[in-house]
Amino acid sequence: MHSGPRGRHARAFLSALILALSSPGLSAYAVDGVAANAISTPSVPHITASVADNALVDDLEHRTFRWFWDAGDPKTGLVPDRYPSPQTLSSVASIGFGLTAYGIGASRGYVTRTQAATRTLATLHYLLDGPQNDTADGAMGYQGFYYHFLNRGTGLRFSHDIELSSIDTALLMQGVLFVQSFYDRQTPREAEIRTLADQLYKRVNWQWMTRPDNRLSMGWSPEHGFIPSYWEGYSEGMMAYILGLGSPTHALAPVSWQAWLATNNQRWGDYYGQTFLNFAPLFGHQYTHAWIDFRGVQDAWAREKQIDYFENSRRAVYAQRAYAIANPGKWQDYSATMWGLTACDGPGDVTRQIDGQSRHFLSYSARGAGRDYTQDDGTVAPTAAAGSIAFAPEIVLPTLQNMKNRYGQNIYGQYGFVDAFNPSFRNGQTFWTDREYLGIDQGPILLMIENWRSGLVWNVMKRNPYIRAGLERAGFEGGWLPAPTAAAKVARPDTRTSQLAPQSPTAAPTGEATRGPVAPANPS
C-alpha cells in the first residue's frame with residue numbers, strides 16, 4: 001500500500017510535539033505498567049563490526065547521500081520535504097541536512113569537493129537573496145528566520161498555514177555553520193562560502209523570537225503573530241538555544257538556557273530499565289547530536305545528574321528497544337532487532353480489525369515511547385534505529401541487518417530504507433510500506449552513520465566558533481571544550497561515572513578501525 005503526500009505534515013508534527021512539551025507531569029508515572037526500580041545501564045562498547053555490517057552501513061550511507069543529491073535543486077539548493085513525491089514544497093530543515101550531506105559526500109568520494117562546493121554556494125546565495133519581510137505572500141522568511149516549507153518553484157512561503165519556524169531555521173543554520181567550517185581552503189569559492197554562511201547566521205534575530213519569559217517561541221506568522229507554544233524541556237529545541245546563545249549579533253541571554261531546562265527534572269526518571277531525561281520520539285535525541293558531540297561535555301544540570309547528553313540519548317535508545325521487546329501493544333514482529341519509534345509516515349488515520357481486534361492506525365505522527373507519552377500503532381521507522389547508530393551501534397547494527405534481511409525487498413530501495421513500514425497493517429500476504437523518503441528522517445541516518453564511522457560532522461562543528469561560544473555560554477564544560485580560564489574555573493570533583501565511559505576529546509567513536517574507511521576531513 002502507498003502512503004500519499006501529507007498536507008498536514010507540519011501540523012501533525014507540531015501538535016504531537018506540543019503534547020510532549022506541555023504535559024510532562026501528566027503521564028510521568030504511567031510507564032506501561034513497567035516498574036523500573038532496578039536500573040541496568042549499558043556502557044559504551046568497543047565493538048568489532050563484521051564485514052556484513054560494514055557492507056550494509058557503507059551501502060546505506062551512499063544511498064542516503066544520493067537522496068539529498070538527487071532531490072536537491074542544483075540551481076537553487078532547495079531540498080524537498082519528501083522525494084520522490086508529487087509534493088511541490090521544500091523543507092528548510094531538509095536544506096540544513098542537505099548542506100551537511102554535500103560535505104559528507106565530498107569526504108566519501110561520492111562527489112568531488114568542487115561539485116559539493118558548487119551546490120553549497122548556489123544554496124547559500126539563494127537563501128541570502130530570498131526576500132525577508134513581514135508580508136503574507138512575498139517572503140522566504142523574516143528577521144533571518146525561514147518559513148517551515150517553501151514553494152519549490154518560487155522559494156516563497158508555501159501557504160498561509162505555514163509558520164516562520166524557529167526550529168526548522170535552527171536545523172538550517174546547523175547546516176550553514178557546518179559548511180562555514182568544512183570549506184576551509186584559501187580559494188575564492190570556499191572563502192565565499194564562509195562569508196555567505198557567516199552572513200546568514202548573523203542575520204537570525206534570536207532575540208526577536210524570544211518571549212518575555214526568556215523561552216524561544218516555536219514560530220510566528222503574519223496573520224497570528226507569535227505561536228503560543230514555546231521550546232521548553234529536553235527535545236531538539238536544544239540546538240536553537242545553543243545557536244541563539246552563540247550569536248555575535250542577536251544573542252540570547254544565558255538565562256534562556258536555564259528557562260529551557262526548567263522542566264528537566266519532571267522528565268528525568270526510570271523507563272524500561274534506564275534512568276534518563278525522557279523525550280518519547282527518538283528524533284529529539286538525534287537532531288542536535290547529529291551536529292554536536294556531547295560526549296563528556298556537561299552543563300550544570302548534567303553534572304548534577306552525573307551524566308552527559310550523549311549518554312542520556314544512548315539510554316533512550318536502549319529503553320526504546322526494551323519497550324519493543326516487552327511489546328505491551330502486541331504489535332507484529334517487535335523484538336530486540338525490530339524496533340524504532342519516531343516521527344514518520346503511517347498507514348493512515350483508520351481503524352481496522354486485526355486478528356479479531358480493533359486497532360487504530362495513524363498517518364504522519366510523532367510516534368514514541370517514554371515517560372512523557374507513548375504513541376505506537378505498530379509502525380516502525382528505520383531512521384529511529386539507523387539515526388541512533390552513533391549512540392548504540394551494538395544494538396543498531398543487528399536491527400538494521402534484520403530489517404533488511406527480513407523485509408528488504410519491500411523497504412530497502414534506491415535511497416536506502418523507506419521512511420516507515422507497518423507489519424501489523426496487513427492486506428492478505430502484504431503489509432503497509434511507505435514509498436517515500438523524508439529529508440528530516442534521511443538526515444539523521446546519513447549524519448549519524450558518518451559520525452560513527454569517522455566523527456566527521458562532529459569534528460567539523462568543533463572548529464566552529466559560534467557553536468563553541470553557544471555551548472560555553474550555556475555553561476558546558478569538559479570533553480572537547482577548552483578548559484575555562486583560571487578566573488572562571490571553579491574546582492569541582494569529576495562526577496562522571498563508569499556508565500559514561502568517556503572518551504578522550506580527540507578520540508573518534510569507539511571501534512572506528514573496524515568500521516570501514518575513515519573519511520578525510522578535507523579531501524580533494
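Trainee: Which residues does Asn 312 touch, not counting residues up to four places away in sequence?

Mentor: This is a predicted model, with residues numbered from 1 along each chain as its sequence is written; local features need pLDDT of at least 70, side-chain atom pairs count only at pLDDT 80 or more, and totals for chains, interfaces and linings use all residues. Side-chain values use heavy atoms, with hydrogens and water left out. Contact means heavy atoms within 4.5 Å. By that rule, Asn 312 touches Tyr 234, Trp 268, Phe 276, Leu 277, His 285 and Ile 307.

Trainee: Is Asn 312 buried or exposed?

Mentor: Take the cut-offs: buried is under 20% relative accessible area, exposed is over 50%, and partly exposed is in between (1.4 Å probe, protein chains only). Asn 312 sits in helix H12 (residues 309-326). Its relative accessibility is 1%, so Asn 312 counts as buried.

Trainee: How many helices and strands are in the chain?

Mentor: Both are DSSP runs, numbered from the N terminus: helices are H or I with at least four residues, strands are E with at least two. The chain has 17 helices and 21 strands.

Trainee: Which elements do the buried residues of H7 pack against?

Mentor: Start with helix H7 (residues 238-246): nine of its nine residues are buried, so it is largely enclosed by the rest of the structure. Met 238, Tyr 241 and Leu 245 are among them. These buried residues pack against helix H5 (166-182), helix H6 (188-203), helix H8 (255-261), H12 and helix H17 (465-473).

Trainee: Which strands stand at the edges of the open sheet of five strands?

Mentor: The order is S3-S4-S6-S7-S8, with antiparallel pairing. Two strands at the edges each have a single partner strand, so one side of each is left without a neighbour in the sheet. They are strand S3 (141-142) and strand S8 (225-226).

Trainee: In S6, what is the bridge partner of Tyr 146?

Mentor: Strands pair if DSSP finds at least two bridges between them. Strand S4 (residues 145-147) and strand S6 (residues 164-165) run antiparallel, joined by two bridges. In S6, Tyr 146 is partnered by Ser 165.

Trainee: What is the phi of Gln 143?

Mentor: Gln 143 lies in the loop between S3 and S4. At 24% relative accessibility, it counts as partly exposed. It is not a glycine, yet its phi is positive, about 55 degrees.

Trainee: Which strand gives the most to the lining of the second largest pocket?

Mentor: On a 1 Å grid over the protein atoms alone, a pocket is an open set of points with protein on both sides within 12 Å along at least five of seven lines, and lining residues have an atom within 4 Å of a point. Strand S12 (350-354), strand S13 (357-361) and strand S19 (421-427) each supply at least two lining residues. Pro 423, Ser 424 and Arg 426 are among the lining residues. With three residues, the most comes from S19.

Trainee: In S20, what is the bridge partner of Arg 426?

Mentor: S19 and strand S20 (residues 430-433) pair in the antiparallel sense over four bridges. They form a hairpin with two residues between them. In S20, Arg 426 is partnered by Phe 431.

Trainee: What is the omega of the peptide bond from Tyr 83 to Pro 84?

Mentor: Pro 84 lies in the loop between strand S1 (82-83) and strand S2 (89-91). The bond from Tyr 83 to Pro 84 is cis, with omega near -10 degrees.

Definitions and conventions
1 Å grid on protein atoms, 1.4 Å probe; cavity = no way out; pocket = protein on both sides within 12 Å on 5 of 7 lines; lining within 4 Å.
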